[in-house]
Each structure stands twice: as structure tokens, then as C-alpha cells.
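User: I am new to this structure and would like a guided look at it. Could you take me through it step by step?

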Amino acid sequence: MMGKHTLAILVNDQPGVLQRVCGLFGRRGFNIDSISVGGTEEPGLSRMTIVTSGDDRTLEQVQKQLSKLIDVISIRNISSKPMVSRELALIKIEAEPSRRPEILGVVETFRASVIDVGPGHMIIQAVGDFGKLDAMVELMRPYGIVELSYTGATAMSRGN
């Protein structure tokens with residue numbers, strides 16, 4: 001069945017690990033929709049959160065190939081269970097002073113925050129799932145998006 005999959009991959013924090021993991025996806029013709037990498041509760045280990053689309057069979061093959069990489073400690077498809085997933089978006093918009101109260105109303109509705117203000121622009125920080133961020137971006141388009149950046153998802157399974 002085709003769908004979105006979120007993989008949590010625990011790896012040794014070594015140079016070249018990210019390149020090997022991404023290379024494996026590329027060689028299998030499997031696209032990475034988003035990727036985020038960061039430290040963990042264990043020194044010397046990093047956690048990669050990869051969101052990808054594909055069928056279950058191809059995903060299973062990629063997981064088997066990943067497990068053969070020497071620096072990969074564990075791989076979990078956390079999208080098959082209840083999970084919490086968040087992304088960060090930074091949105092720079094044109095914002096003349098006269099339009100700022102209107103813009104702030106949208107920002108507050110999405111529980112986002114303004115993190116920078118210039119003479120003719122604002123930078124907004126928003127955190128949430130991709131659907132929420134995408135909805136906010138669409139509401140910001142009429143003001144004039146100057147620049148947009150997403151971090152990629154980071155996720156954890158719920159419970160134990």
C-alpha cells in the first residue's frame with residue numbers, strides 16, 4: 001500500500017553516515033520527503049527522522065538494506081503506531097506597518113510567533129505538523145512571501 005512512512009533511525013554519530021543513508025535511498029529510487037538529524041539522549045549517537053513515500057514492500061527492502069550499514073543501530077517505522085511529529089517553518093513576509101495588526105491576527109490563530117521585524121518585513125516561526133504549516137503558508141501568500149524554509153519532520157512514537 002502506497003503511503004507516507006516515518007522512519008526513526010538510530011546511528012553512530014560519525015562522518016559520512018548521513019551520506020551513506022541518503023545514498024541508499026537514492027540507489028533504490030526511493031525519495032526522501034524530509035530528513036532531520038540530531039543528537040540523542042545517548043552520547044555518540046544521532047537520530048535520523050526520515051519521511052518518505054512508497055509502498056510497504058519497497059519500504060521493507062530499504063529497511064533491510066539500511067540495517068546492513070555498519071553505523072546503523074536500529075530502524076523503526078514509527079508511522080505504523082501512534083506518534084508525535086513536528087516541523088518548524090520560518091516564513092519571511094512583506095509587512096508594511098499598516099498591515100501588521102492583520103498579520104498578527106493570523107500568527108496568533110496558528111500559535112506561531114514573530115521572531116524578527118524589519119522596516120518592511122516580518123519573520124514568523126511556526127511549529128506543527130505539515131498540514132498546519134501548509135495552511136498557515138497559504139494564508140500568508142497574499143501578504144507576499146519573500147522566503148520560506150521548512151526544517152523537515154522530527155518525530156517520536158507515543159508511549160513506551
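Predicted model: local features only at pLDDT ≥ 70, side-chain atom pairs only at ≥ 80, totals over all residues.

User: What is the make-up of residues 6-80, and how far apart are the end C-alpha atoms?

Analyst: The span is 32% helix and 41% strand. Its end C-alpha atoms lie 8 Å apart.

User: Let us turn to helix 1. Which residues are buried there?

Analyst: Helix 1 covers residues 17-27, and its buried residues are Val17, Val21, Leu24 and Phe25. Viewed down the axis of helix 1, these buried residues fall within an arc of 100 degrees, so they line one face of the helix.

User: And what is on the other side of helix 1?

Analyst: Gln19, Gly26 and Arg27 are found there, and they are exposed.

User: What comes just after helix 1?

Analyst: Gly29 follows there, and this residue takes a positive phi of about 70 degrees.

User: Now strand 3. Is Thr49 buried or exposed?

Analyst: Thr49, which lies in strand 3, has a relative accessible area of 1%. The cut-off for buried is under 20%, so Thr49 is buried.

User: Which residues does Thr49 touch?

Analyst: Not counting residues up to four places away in sequence, Thr49 touches Thr6, Leu7, Ser34, Ile35, Ser36, Ala153, Thr154 and Ala155.

User: Where is Thr40 found?

Analyst: Thr40 belongs to the loop between strand 2 and strand 3. A polar atom of the Thr40 side chain lies 3.0 Å from the backbone nitrogen of Glu42. The side chain of Thr40 also reaches the backbone oxygen of Leu45, at 3.4 Å.

User: Which residues is Thr40 in contact with, leaving aside its neighbours within four places in sequence?

Analyst: Those residues are Leu10, Leu45, Ser46 and Arg47.

User: On to charged pairs. How many salt bridges are there?

Analyst: The count comes to 7 salt bridges. One of them joins the side chains of Lys4 and Asp33, at 2.8 Å from N to O. Lys4 lies in strand 1 and Asp33 in strand 2, so this pair ties together parts that are 29 residues apart in sequence.

User: How accessible are Lys4 and Asp33?

Analyst: Lys4 counts as exposed, at 56% relative accessibility. Asp33 is partly exposed, with a relative accessible area of 36%.

User: Which residue forms a salt bridge with Arg47?

Analyst: Glu41 does, and the closest N and O atoms of the pair are 3.8 Å apart. Glu41 counts as exposed at 63% relative accessibility, whereas Arg47 counts as partly exposed at 22%. Arg47 is also one of the residues in contact with Thr40.

User: What about Lys92 and Glu147?

Analyst: Their side chains meet in a salt bridge of 3.9 Å, N to O. Lys92 lies in strand 5 (residues 83-94) and Glu147 in strand 8 (residues 145-150), so the pair ties together parts that are 55 residues apart in sequence. Lys92 is partly exposed, with a relative accessible area of 25%.

User: In what sense do strand 6 and strand 7 pair?

Analyst: Strand 6 (residues 113-117) and strand 7 (residues 121-128) pair in the antiparallel sense, over 4 bridges. A hairpin joins strand 6 to strand 7 through 3 residues. Within this pairing, Val117 stands opposite Met122 in strand 7.

User: Last topic: where does Asn77 lie, and what does its side chain join?

Analyst: Asn77 lies in strand 4. A polar contact of 2.5 Å joins its side chain to that of Ser79. Leaving aside neighbours within four places in sequence, Asn77 is in contact with His5, Thr6, Leu7, Leu59 and Gln63. Among them, Thr6 and Leu7 are also touched by Thr49.

How values were computed. Residues numbered from 1 in each chain as written. Heavy atoms only, no water. Buried < 20%, exposed > 50% of the residue type's maximum accessible area, 1.4 Å probe, protein only. Helix = DSSP H or I, 4+ residues; strand = E, 2+ residues; numbered from the N terminus. Arc of directions from axis to C-beta. Pairing = 2+ DSSP bridges. Polar contact = N/O pair within 3.5 Å; in protein donor to acceptor, adjacent residues only side chain to side chain. Contact = heavy atoms within 4.5 Å. Salt bridge = Lys/Arg side-chain N within 4 Å of Asp/Glu carboxyl O.
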